[in-house]
Amino acid sequence: MGLDKSPEFDEQMYIARVQILARQAAEKMQREAANIPDSQINDYYQQHQNDYKTVSFERIFVPKQKEDTAGPQSASAQNDSNSEAEMKDEADKLRARAAAGEDPVKLQQEANDFAGNKTKVTNVKADDVRKPNIPPTDAAIFDLKAGEVSPVFSDPTGYRIYKVEEIKELPLANVHEEIARALQGQNMKNAFDSLENSAKPTFDNAYFATPGAPTLRNPGEHPASPGATPPPGKK
């Protein structure tokens, strides 16, 4: 039938060839990106040691609004503002008492009572928490020593106070694979960026143009003149 000699066949073969080459290129870059010497992993660990620590702490949380004034039931924005200022003042007092050595569980119960929260507090401790699991605004707790109390941190939900119990460094053996995956991902990104920069691709703006707004006109139908009566079924 001579199909293999047609321009359409040649074009499809060209596209298939490019797709195969693209897949093989990605596989090759993946293999090379995964080839990470232990010395590079060790250097990364030394340079980012603060990211490979855990902290154990007791935390006191004070909401920004009392339960009887927060949310849709609030009488006014002024009431909300007054309630927030009152809760911030309470958080500062609880922080001072925690620094003086009072039990954080007892202080958390007082914070709940002050906010109108009837929840019974039995534990406020968290063990071996990694930095990614701490709000970025509170990451300074990793700079504290055992027994120290943090400043009052805040976000839109409330105020937080931490009493640090222990900070531990994770051994390299425990995070070896985690670092290897991070470096592999960075190597892949660098390889793709380098490939794209060397290729200097250009794009057809007409092909990537934003589609026009939807219309009820049929294909090829011109817009109706102002004041003209629309066809049946159209407005």
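Aspartate 128 sits in strand S2, which spans residues 125-130; helices here are DSSP runs of H or I with at least four residues, strands are E runs of at least two, and both are numbered from the N terminus. Aspartate 128 isn't a glycine, yet its phi is positive, at about 50 degrees. Its relative accessibility is 40%, so aspartate 128 counts as partly exposed (buried is under 20% relative accessible area, exposed is over 50%, and partly exposed is in between, using a 1.4 Å probe and protein chains only).

Before going on, a word on the model. It is a predicted one, so local features need pLDDT of at least 70 and side-chain atom pairs count only at pLDDT 80 or more, while totals for chains, interfaces and linings use all residues. Residues are numbered from 1 along each chain as its sequence is written, and side-chain values use heavy atoms, with hydrogens and water left out.

Lysine 200 is another non-glycine residue with a positive phi of about 50 degrees. You'll find lysine 200 in the segment after H5. With a relative accessible area of 65%, lysine 200 is exposed.

Now step back to the whole chain. It has five helices and four strands, and from the N terminus on they run α-α-β-α-α-β-β-β-α. Of the 235 residues in the protein chain, 25% are buried. Take the contacts (heavy atoms within 4.5 Å) with a separation of 6 or more: 67% of them join residues 24 or more positions apart.

Next, look inside. The largest nonpolar core holds 12 residues: Ile60, Val62, Met87, Ala91, Leu94, Ala98, Leu107, Ala111, Ala115, Val149, Tyr159 and Ile161. A nonpolar core here is a set of buried Ala, Val, Leu, Ile, Met, Phe, Trp, Tyr and Cys residues joined through side-chain atoms within 4.5 Å. Strand S1 (53-63), helix H3 (77-99), helix H4 (104-115) and strand S4 (158-169) each give two or more residues to this core. H3 supplies the largest share, four residues. Apart from this core lies another, of 10 residues, including Val129, Phe142, Leu144 and Tyr162.

Take the pair alanine 91 and isoleucine 161: they are 70 residues apart in sequence, but their C-alpha atoms are 8.0 Å apart in space.

Finally, the helix pair H1 and H5. Two packed helices are described by the angle between their axes and the distance between the axes. The axes of H1 (residues 7-33) and H5 (residues 172-199) come within 9 Å and cross at roughly 135 degrees. That makes H1 oblique to H5. The axes are lines fitted to C-alpha atoms, for helices over the stretch in contact, with angles from 0 to 180 degrees between N-to-C directions; under 35 degrees is roughly parallel, over 145 roughly antiparallel, 65 to 115 roughly perpendicular, and the rest oblique. The crossing of H1 and H5 is right-handed, meaning the near helix is turned clockwise from the far one by less than a right angle. On the H1 side the contact is made by Ala26, Met29, Gln30 and Ala33, and on the H5 side by Gln184, Asn187, Met188, Ala191, Phe192 and Leu195.
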